[in-house]
Amino acid sequence: MVDENVQLVKRWFEEVWNQKRSDTISEMVSADCVAHGTSETGEELRGPEGFKALQRRILEAFPDIHFTVQDCFGAGDKVAVRWNATMHHRGNGLGIAASGAEVNITGTGMVRMANGKVTEVWDNWDKHAMHHQIEAAVKAKSASA
């Protein structure tokens, strides 16, 4: 079961983020799932609809987002993952006007699985680096104007 869970987490990053498939969220997230630290604001996400709303905001801000899974392994009902993502800030899905900034971030997560579905998530990703890179691009644009 551990190997299947690891493959499901890798599939999550490929399909939900790289292929931008919201139907995978419906398929893989349990109705009572809770995600801690996943949203850009730090608020908990609940169920598939919580993840879909986050996906819409992130993809509106970063339509070319691409995740690379660096490490992914499991034990029992949990999977640990380490990733990096590259993207360009081209929309205001996060409430910040598009800056065109190239953004590179890293993160880690712990995912609890049950019956082939995500039931709980603990994420830690570098929101500060994302905001810093966007702010630097805005400052560079105003300095050259």
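Biologist: In the hairpin of β3 and β4, which residue takes a positive phi?

Modeller: This is a predicted model. Strand β3 covers residues 66-75 and strand β4 covers residues 78-88. Two residues sit between these strands in the hairpin. The one with a positive phi, near 60°, is G76.

Biologist: How many bridges join strand β3 to strand β4?

Modeller: The two strands run antiparallel. One place to look is T68, which faces N84 in β4. The number of bridges joining β3 to β4 is nine.

Biologist: Which residue takes a positive phi in the hairpin of β5 and β6?

Modeller: Strand β5 spans 102-114 and β6 spans 117-125. Their hairpin has two residues between the strands.

Biologist: Is N115 buried, partly exposed or exposed?

Modeller: N115 lies in the loop between β5 and β6. Exposed requires over 50% relative accessible area. N115 has 75% relative accessibility, so this residue counts as exposed.

Biologist: In what sense do β5 and β6 pair, parallel or antiparallel?

Modeller: Eight bridges connect β5 and β6. Among the residues facing each other are G107 and W125, the latter in β6. The sense of the pairing is antiparallel.

Biologist: How do β1 and β6 run, parallel or antiparallel?

Modeller: Strand β1 is made of residues 29-36. Its A35 has V121 in β6 as bridge partner. Four bridges join β1 to β6, and the two strands run parallel.

Biologist: Is K20 buried, partly exposed or exposed?

Modeller: Buried needs under 20% relative accessible area, and exposed needs over 50%. K20 has 30% relative accessibility. That value lies between the cut-offs, so K20 counts as partly exposed.

Biologist: Why does K52 count as buried?

Modeller: K52 sits in helix α3, residues 47-61. The cut-off for buried is under 20% relative accessible area. K52 counts as buried because its relative accessibility is 16%.

Biologist: Which residues does K52 touch, leaving out those up to four places away in sequence?

Modeller: K52 belongs to helix α3. Residues up to four places away in sequence are not counted. The residues that K52 touches are S22, I25 and S26.

Methods:
Residues are numbered from 1 along each chain as its sequence is written. This is a predicted model: local features need pLDDT of at least 70, side-chain atom pairs count only at pLDDT 80 or more; totals for chains, interfaces and linings use all residues. Side-chain values use heavy atoms; hydrogens and water are left out. Buried means under 20% relative accessible area, exposed over 50%, partly exposed in between (1.4 Å probe, protein chains only). Contact means heavy atoms within 4.5 Å. Two strands pair if DSSP finds at least two bridges between them.
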